[in-house]
Amino acid sequence: MQIKKRLAKIFVYSVLTITLLTSLFPIFWTISTSFKKRVDTFALPPKFFNFSPTMDNYKKLFSDPTFVKVYLNTILFTLGAAFLSICIGSLAAYALARNPRFRGKTTFEILLILLRAMPGVVLIVPLYDLCSKLHLLGELPVLITIITVFNLPFTIWMLTPFFAAIPIELEEAGMVDGLSTWQIFRQIVIPLALPGISAAAIFLSLLTWNEFLVPVILGDQSTQTLPVLISGFISARTLDWGPMAAASSLAIIPIAVLTVFVQRKLVVGLSLGALKE
Amino acid sequence: MRGARLASVGKSSRAPLAFSLPAWILIIPIFILPLGLGLYLSVFDKSLGFPQPINFVGLANFQSDVKNSNFYSAVKVTAQFMAIAVFIQIPIGIFLAMVLHSASKFASMFRSSLLIPMLLTPVAVALMWRFMFSSELGIINWVLDKMTLAQPDWLGSVTAAFFAVAIVDSWQSIPFVVLITLAGLAAMPVAPQEAAMIDGASTIQRIRYVTLPLLKPVLLVILLIRIIDSFKLFDIIFILTRGGPGTATQTLSMLDYNTAFTFLATSRAAAIGVVLALMSLPLYYLWKKVISVSS
Amino acid sequence: MRKKFKVFGTVTAVLSLLLSSAFVATSSSSAADKKPSAINVFLIPSPSADAIKKLAPKWTAKTGIKVNFTEVEYGTAHQKALLSIQTGKGEQDVVQFDNTFLAAFANAKALTQLNSYTSASKEYDINDFTPALQQYGDFGGKKFGLMLSTEPFIQWYRSDIYKSLNLKPAKTWDQYKANAEAIQKSGKASGQLIGYGPASTWWWMQMVWSFGGKLYDSKFNPTVDTKEAIAATKFYKDLLKSAPKGALGFNGDDVTIQFVSTDIGQILQYSGYASGVFDPKMSKNAKNIAVTPAPAGKVNAIELAGWNIGIPSDSKNKTWAWDFLEYMLGKTNAPNFLNAGAAAIGRTSITTNKALVAKNPYLALLSLPASATVYTYPSLVTWPEFDKVSSDGLASILSGKVSVEAGLKKLNTALKAVLAKEPKP
């Protein structure tokens, strides 16, 4: 019995260690490569710690005005899309939460699942045709709106349970006090749903930050985002892994830092959303 | 008092429906309109390399798709990636979740280390792995060499490339399975498990007859999301192999993209899009099942 | 509430209908050529594009017209350019494009015919080009693009490895193979490298032509299963034995990248990569690299690639767009253009300029010998699809999944479907 328990413990801990290593090694490797000189990036045997670090790769990136602009674009894009998604999504989620049965519900549900399940290309091809005719290619507000719609199923599915969980008595109390529906929503419902809304906001920011297909096809030079820029590195004319790793790191590090800080919230949001989907 | 209550309930259930209007206002031009346009384009022969006039060709694009071996190859590759998601990623994820659940002391540290791969930008992740997979200068083959194992040409060999994509996708997706299952495990009632243990059930029996059935709602959600996301897989393939070598990792999405943006054959791409949209429809039923089971 | 929905629904439907009527393409009449305040130039990231951006301020100083640049990466550039031109709004005045898309662009009437400009321009001096190069931007006998870079396939080899093994630069494909095998056997380096990955078609075509084969006949029937093509493909596959590991996954750029960073005896690659190859900061082997013409087979075939640059048909500033191109690519500016880092343009005045050739030995190879048969990318509107279908077919053959004969037969059938879409002359 003792041996069995011991073995079980060893097993558990080795699985955990392997998981930890597998999850974190690629990230470590990328970040460390971003600090290596060119020769060190493809040296064999690989240099894990025995290299003299350099800031050159980052300097190269930051001295390029395009890169800074791209980074700012991405931040704008992310914040704009998260904000619009929350506004529109909260309203829709609240409507759904308070109207479990209504005409056209099935249609709405089908539309949402289709929107979530369809590969992006299916919509991007006609959207590209549409946007180029209307000269809307590369317009940030257009990109933000499109991403908002693409993320709508996620937003609605995640927020509806939070709104449904708010006891209707509180709203009725507000009604008795003579508040309008909109006031009830703003003053009573939103504050109570804030945990869910902030979790959703974080996820939406992440989803938008990571978005590739929409900005690469429907955006242009002036609205280039970080993933699009990074994708340009695949046909680097030289084995320029240093700057490649640096650009990737600049996409990775903010997410990693954010995750560590809001970890608890993310899991709450993820699981509640997922469990109640 | 009673009457007032009834009246207010009626009131509160009507006005909020208008709250969903903004969503509709956006869905129509950005979802419904393009879908319709895609359908419309698919029955013509519009192609960027050829000027107007555009001819109505009826189902010709669909017929040529059926005859095209590329199309079938893409269906096969897509199905293969989905199979990996369902039959490999999910079981491994569940297994890891159970192991992690039993070592809940380190919960938060592991949560972070799992969350991060899941949340990272797929494009950056694929780029990261691309240079780790480099067949002569990458670290993966160096490790394999040190372990005296075969070092495949990860991105150049037809079979290895498929697995390279599968590995990168799994690296990002298994954490998702683990985290959701963990949340499900944490929310499970302890009583049935303890009862099973008292009854003398082995761990395997306990898992099979108590834990898994209780996890059913969570597992269904995971299944739905993995099926959807593996069907939609694009960014990673685009960066890692662009669908190659040849058509080894060309999924339907990648084929659609190539048809539209490499061959400039807009209408044919729209036809593939219609097929993809039709393939997404059955997922509505899976979703309905998920909803009904979890409520 | 329901009523509100109905009204709303109708409004949305009407709006959608109005939007869809915007699909009717509007075309505008010819350019009004008064002096604009700025012109718009569409470029694809490349050394040539960088050189243009570098030298543009000089033209602006001369004419007072500002130059706005739009750069789109290769993968989506041509699509975006075509769509922009087809709106007829004159968004771009100058457009850079790859020769592979010349046929598609010309067929879509996206480019202005340039013959009237080139025949009248002393500064451009079309006769400074050999006849083969003069026709580089021609489609259907009319000129639609100026040559922006002259990039024939040439051989690049490691002079140090050759010296140590007493090898001489290959003049024929058999010699190329012999050299590669000798190097591979010696263990000093991988024997050779050519493209076997996503860009395999470019090298495979060269092989087919060198063996006396053709990709398709005058009636657009594919001919990739002829005995010449089979022999060529077998040879092409055979060379894999002396290629470095991972060759099947290397794209066009990778062939160069691997050559400059690892030890490979010789490669066949476009001349345009020169600036990166000989730069010691980028190239580990810079000091030990020499160039020589591509090997000949039964036919001394030389594949010529390179960028084109032209004037979109909907530009509103054609006269000034031409002025810009004439200045940038004219005879006088050619040495500056080269020195600004661009891939060379094979003007005779450049390839015979002793000072420049001394500094860049590969320039001499750009004056293609009269004995050579110059092949440019097939003038196919469906080229992008032809290219992908071919490289997919080659991937099956190279991986050993099918035999060369069976694979080529299958490819020929697949190409029939592609070429069927080609507009008949």
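A:L79 is out in the open: its relative accessible area is 55%, which makes it exposed (over 50%; buried means under 20%, and partly exposed is in between, with a 1.4 Å probe and protein chains only). The model is a predicted one, so local features need pLDDT of at least 70 and side-chain atom pairs count only at pLDDT 80 or more, while totals for chains, interfaces and linings use all residues. Residues are numbered from 1 along each chain as its sequence is written, chains are lettered from A and ligands numbered from 1 in the order in which they are written, and side-chain values use heavy atoms, with hydrogens and water left out.

A:L79 sits in helix 4 of chain A (helices are DSSP runs of H or I with at least four residues, strands are runs of E with at least two, and both are numbered from the N terminus). Helix 4, residues 65-98, is the biggest giver here, with four residues in the patch.

Interface size is often quoted as the accessible area lost when the parts come together. Between chain A and chain B about 9,000 Å² is buried, with carbon and sulfur atoms giving 80% of that (the area, with a 1.4 Å probe, that two parts lose on being put together, summed over both). Chain A brings 96 residues to the contact and chain B brings 96, where contact means heavy atoms within 4.5 Å. Seven residue pairs, both members at pLDDT 80 or more, are in polar contact between the two chains. A polar contact is a pair of N or O atoms within 3.5 Å; within protein, one must be able to donate a hydrogen and the other to accept it, and residues adjacent in sequence count only if both atoms are side-chain atoms. On the side of chain A that touches chain B, helix 12 (residues 241-276) of chain A gives the most, with 17 residues.

Three salt bridges cross the interface of chain A and chain B (a side-chain nitrogen of Lys or Arg within 4 Å of a carboxyl oxygen of Asp or Glu). A:R116 pairs with B:D229 in a salt bridge whose closest N and O atoms are 3.1 Å apart.

Over all chains the structure holds 21 salt bridges. In chain A, A:K105 and A:E109 form a salt bridge, with 3.3 Å between the closest N and O atoms. These two are four residues apart in helix 5 (residues 105-117) of chain A, so about one helical turn separates them. A:K105 is partly exposed at 25% relative accessibility, whereas A:E109 is buried at 11%.

Chain C has salt bridges too. C:K143 is buried, with a relative accessible area of 5%, and forms a salt bridge with C:D138 at 3.1 Å between the closest N and O atoms. For C:E405 and C:K234, the closest N and O atoms of the salt bridge are 2.7 Å apart. C:E405 lies in helix 18 (residues 404-419) and C:K234 in helix 10 (residues 227-238) of chain C, so the pair ties together parts 171 residues apart in sequence. Both ends are partly exposed, C:E405 at 37% relative accessibility and C:K234 at 41%. Back in chain A, shared partners join A:K105 and A:E109 with B:K288 into one salt-bridge network.

C:S271, in the loop between strand 9 (264-270) and helix 12 (274-277) of chain C, is buried at 1% relative accessibility. Beyond its neighbours within four places in sequence, C:S271 has contacts including C:W156, C:Y362 and C:L366. B:D65, in helix 3 (residues 60-67) of chain B, is also buried, at 7%, and touches B:F71, B:A271 and B:I272, leaving aside neighbours within four places in sequence. B:R242 is not a glycine, yet has a positive phi of about 60°; B:R242 is partly exposed at 33%.
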